[in-house]
Amino acid sequence: LGCFPTEGELHDIIREIEDEEPTGFIRFEKFLPMMTKVLMERRYRPISEDVLLRAFEVLDQNKKGFLEPEELTKYMSEEGEPFTQEEMDEMLSAAVDPGKNVILYKDFLEMMTLEEH
């Protein structure tokens, strides 16, 4: 749907539309209006490729054009909203160039960003 809320934002949405007594389930009658509102307001849009590139360039302090998988794992599991090991494994399986065993972040960005239509 083109929405990319954080886990915290998802919890906020669930709390907002959940019945008075939290059950872990959401009724479709409450979900549909909330998601319609989210989509109409274009909330939780993806970050642009330029912003992501600048973020990778900040992490690439030696300006090599790539990151070691261990470097990215450290940043993604210790900073901000930390990734789980499962999330890191999934991301690294797509991000790491198998021939060079590094993350060529410009190539990775092209693969993971969406084109706006």
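This report looks at one helix and one group of aromatic rings.

The model is predicted, so local features need pLDDT of at least 70 and side-chain atom pairs count only at pLDDT 80 or more, while totals for chains, interfaces and linings use all residues. Residues are numbered from 1 along each chain as its sequence is written, and side-chain values use heavy atoms, without hydrogens and water.

**Helix α5**

Helix α5 spans residues 85-95. Helices (H or I, at least four residues) and strands (E, at least two) are DSSP runs, numbered from the N terminus. The buried residues of α5 are Met88, Met91, Leu92 and Ala95. They sit on the same side of α5, because they cover an arc of only 100° around the axis. That arc is taken from the directions from the helix axis to the C-beta atoms. Glu86, Glu90 and Ser93 are exposed on the other side. Buried means under 20% relative accessible area, exposed over 50%, and partly exposed in between (1.4 Å probe, protein chains only). An α-helix has 3.6 residues a turn, so residues three or four places apart point the same way.

**Aromatic rings**

The whole structure holds two aromatic pairs. Rings of Phe, Tyr and Trp (its six-membered ring) pair if their centres lie within 6.5 Å; planes under 30 degrees apart are stacked, over 60 edge-to-face, and the rest tilted.

| Pair | Centre to centre | Plane angle | Type |
|---|---|---|---|
| Phe56 and Tyr105 | 5.4 Å | 0° | stacked |
| Phe56 and Phe108 | 6.4 Å | 80° | edge-to-face |

Phe56 lies in helix α3 and Tyr105 in helix α6, 49 residues apart. Phe108 is in α6 too, and its pair with Phe56 ties together parts 52 residues apart in sequence. Phe56 and Tyr105 are both buried. Phe108 is buried as well, at 5% relative accessibility. Ring pairs link Phe56, Tyr105 and Phe108 into a cluster.
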